[in-house]
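Student: I have a structure open and would like to learn how to read its features. Can we go through it step by step?

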Amino acid sequence: MTDGATALSAPVPQGAAFTKPVPEGEPILQIRDLVKHFPLTQGVVVKKQIGAVKAVDGVSFDLRKGETLGIVGESGCGKSTLAKVLMNLEPATSGSVRYKGEEISRLSGAALKAVRRNIQMVFQDPYTSLNPRMTVGDIIGEPYEIHPEVAPKGERRKAVQDLLDVVGLNPEYINRYPHQFSGGQRQRIGIARGLALKPEVIICDEPVSALDVSVQAQVINLLEKLQNEFELSYIFIAHDLSIVRHISDRVGVMYLGKMVEIGSDLEIYDHATHPYTQALLSAVPVPDPAARQVRDRIVLTGDVPSPADPPSGCRFRTRCWKAQERCAIEEPLLAVPSWLDGLAAHESACHFAAEREIEQSAAEREIEQSAAERGAEGGTEAETERAAGQEDGSADGDDAR
Amino acid sequence: MSSSSTSAQPREATADTVESPLLEVRDLHVEFRTRDGVAKAVNGVNYSVRAGETLAILGESGSGKSVTAQAVMGILDSPPGFVTGGQIVFKGRDLLTLGKEDRRKVRGSQMAMIFQDALSSLNPVHSVGSQLGEMYRVHKGSSRQDAKAKAIELMDRVRIPAAKARVGDYPHQFSGGMRQRIMIAMALALEPDLIIADEPTTALDVTVQAQVMDLLAELQGEYHMGLILITHDLGVVADVADKIAVMYAGRIVETAPVHELYAKPAHPYTRGLLDSIPRLDQKGQELYAIKGLPPNLLRIPPGCAFNPRCPRAQEICRTTVPPLFEVTDEAGTPRPGRASACHFWKETLDD
């Protein structure tokens, strides 16, 4: 492992992180080294900056056409700020967001308006994101006021009713007010508003976390149906990892303003190499009571440190069980660790990136043993795999989790 | 900590009530009288919890799970909410027949509640120490100094680091997970026999959720408390519950021990809920979704309330309200703790 670690310490140029082939299609959004700091000031008359909340601190990724990129992480990790900066609702401190090659942060006026039409957002909280004094028809139709070219005045009512129908609400509800709907229905209104301008990218910020399980499934299906129908690209921000896995083609894991690991859903969920991802995945409650004894959970101690004063070096080191001196000095870059191969070889920002060796419970061992006995002659696949894993000493337990 | 001396019933009484349920809710009815009409939020709910047992109440919003808990706690907003029938038997006494003052003595010292949103449940203008100490000052008449010492002890118990230094801090100075710990500490303060946790981890991140649920389970074991866990998260339920009651439109539609419920649900609604969880082998496919929306409580459909959304609905479902049938195995022996309010529970079970 030490050999591999030294190999990584060679400086990796920024932006070179994206050499790996990702799903086909042209990138519709390119985000490079995006930074968003919120200044902390002191003084009333003469304001002096005493620091900054580093909400997003150097994030890079691509979003391709028709793709869903899931972004997961704990609250306070900068997911929602990232969404706002992508929408240009908050100006970025530095870095670039390109929509079809065009730099968003430099646009203004009509050009910005045109780009914004194509990037829409579905917000987290359906209770505060809908104006209580407006009817549903006005809420969903409001985007048409700004972009009248999408639906001429006479057709707006019809367009809104179609949208209501598309998101599974009764078109007759057009004159109702938000308080007359349940939380789930309100979120559908939010989705209808996001769809109104027929955008190419929709940024969904926790779109289903406020919904009931049965309704969540409906909304997820709806989002997938709409994606196929209109070739939408989604940035899907959520903390429910099983839903993110279901809907996403690629998944990025954020911690304290940094992307710590990014890869295809298979790479992240079954071959996570960053300790934070592993802890996050192991903490997800599994809806199967039989898994109670079998689970090997990493319970992280403590809370996320303050983004105003993040730890030096690797930001996760204060909660990491693998942390060493090096982690405090040198910041790990998001790159493919050279010592890993197969599905484990995806971008991971850890000096000691490795797949997790699951400590097997007695029950699991028993199952494996009986399997081994049954296929004793040939040696079972699992066994050979395990043996191979032990040889190179890094990648083991492919069937982790 | 000494036992609750001011409580109406001495603590020793628990010893001989261990076998009989700690709390038994019988045929509870709650309605909300609103301008638009009467919303029947709870329509004949029965459940029981024993000491040391965890009962999970699973249901969507509007299923009446929280209202039932509020009725049990006696914190139902009234008006518009009214308990119109049933019994809430706690340690052998029907709480609904108690006067206001007696009820207040039970609340906090013998049963306590943990709310979902710790930030809005805590008073922002009082320090957490004084809010924790209030339990001792009000219920036990402790002095301010004693109350503060107890508050620090409690904060230590729920593993808030540097409790002594943080006892004077205000709720906004704590993180979400820490706030929820303070809520738990407050509920535990007088060592109640029953804790009702209403979506205790819904607002928390998964890593913090794991910490809080572990803490709750550990403390429950330590104090041998009954725990009613109200949630919509099938994952959390699978982790901690002993038995489950599934609620829909103000009724319990299925009860079962946790393993059996997940393995063989006997109600189409439970089955639908379980099927709508994203599974690995369904990646890229459409998720199973229960069609439609939960019913409006002002207009609960006739017959089985689930019939407009049910894939198995027949004529009888639209006319006759299914009673809570006892679920039996093929030989006809009842399965302990299992019941289903579906005319076709047998067919659902065999699916």
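Student: Which residues of α4(A) meet which residues of α5(A)?
Tutor: Look for residues of one helix in contact with residues of the other. This is a predicted model. A:G137, A:I140, A:G141 and A:Y144 are on the α4(A) side. A:R156, A:R157, A:V160 and A:L163 are on the α5(A) side. By class, the residues of this contact are four nonpolar, two polar and two charged.

Student: At what angle do the two helices pack?
Tutor: Read the angle together with the distance between axes. Helix α4 spans residues 136-146 of chain A, and helix α5 spans residues 156-166. They pack at about 115°, with axes 10 Å apart. The crossing of α4(A) and α5(A) is right-handed.

Student: Now a single residue. Is A:R186 buried or exposed?
Tutor: Count the C-beta atoms around its own. A residue is buried if 20 or more others lie within 10 Å. A:R186 has 23 within 10 Å, so it is buried. Its place is helix α6 of chain A, residues 183-195.

Student: What is A:R186 in contact with, beyond its neighbours within four places in sequence?
Tutor: Setting those neighbours aside, A:R186 contacts A:P126, A:Y127, A:L130, A:P178 and A:F181. A:R186 and A:V136 are 50 residues apart in sequence, but their C-alpha atoms are 9.2 Å apart.

Student: How do I read chain A as a whole?
Tutor: Start with elements, then burial, then contact range. Chain A has 14 helices and 11 strands. Of its 401 residues, 43% are buried. Take its contacts with a separation of 6 or more: 66% of them join residues 24 or more positions apart.

Student: How many residues of helix α10 of chain A are buried?
Tutor: Go along the helix residue by residue. Nine of the nine residues of α10(A), 275-283, are buried, and the helix is mostly covered. Among them are A:P275, A:Y276, A:Q278 and A:L281.

Student: What covers the buried residues of α10(A)?
Tutor: Check both chains. From chain A, the cover includes β3 (68-72), α8 (241-247), β9 (250-255), β10 (258-264) and α9 (265-270). From chain B, the cover includes α8.

Student: How many residues does each chain bring to the contact between the chains?
Tutor: Count each side separately. Chain A brings 32 residues, and chain B brings 32. On the chain B side, α8 (206-223), α9 (234-240), α10 (258-263) and α11 (268-275) each supply at least two residues. By class, that side has 14 nonpolar, 11 polar and seven charged residues.

Student: Which members of the largest nonpolar core touch the most other members?
Tutor: The core has 203 residues, and A:I235, B:A185 and B:I244 touch the most other members. Helix α7 of chain B, residues 176-188, gives the most to this core, with eight residues. Now take A:I235. Not counting residues up to four places away in sequence, A:I235 touches A:L63, A:L69, A:I71, A:A83, A:L86, A:I203 and A:C204.

Student: Where do the domains of chain A lie?
Tutor: Take the bounds, then the contact between the parts. Domain 1 of chain A is 24-248, and domain 2 is 260-392. Their contact takes 15 residues from domain 1 and 10 residues from domain 2. On the domain 1 side, β2 (48-64) and α8 of chain A give two or more residues. β2(A) gives the most, with six residues. That side has eight nonpolar, four polar and three charged residues.

Student: And what is the domain assignment of chain B?
Tutor: Domain 1 of chain B is 21-241, and domain 2 is 247-279 + 288-350. Their centres, taken over C-alpha atoms, are 28 Å apart. In the contact, 22 residues of domain 1 meet 15 residues of domain 2. The largest share of the domain 1 side, 10 residues, comes from β2(B). By class, that side has 10 nonpolar, eight polar and four charged residues.

Key
Residues are numbered from 1 along each chain as its sequence is written. Chains are lettered from A and ligands numbered from 1 in the order in which they are written. This is a predicted model: local features need pLDDT of at least 70, side-chain atom pairs count only at pLDDT 80 or more; totals for chains, interfaces and linings use all residues. Two residues are in contact if their C-beta atoms, placed from the backbone, lie within 7 Å. Helices (H or I, at least four residues) and strands (E, at least two) are DSSP runs, numbered from the N terminus. Ala, Val, Leu, Ile, Met, Phe, Trp, Tyr, Cys and Pro count as nonpolar, Asp, Glu, Lys and Arg as charged, and the others, Gly among them, as polar. A nonpolar core is a set of buried Ala, Val, Leu, Ile, Met, Phe, Trp, Tyr and Cys residues joined through C-beta atoms within 7 Å. A residue is buried if 20 or more other C-beta atoms lie within 10 Å of its own, exposed if 12 or fewer, and partly exposed in between; C-beta atoms are placed from the backbone. Axes are lines fitted to C-alpha atoms, for helices over the stretch in contact, and angles run from 0 to 180 degrees between N-to-C directions. A crossing is left-handed if the near helix is turned anticlockwise from the far one by less than a right angle, and right-handed if clockwise. Domain bounds come from an automatic or database domain assignment.
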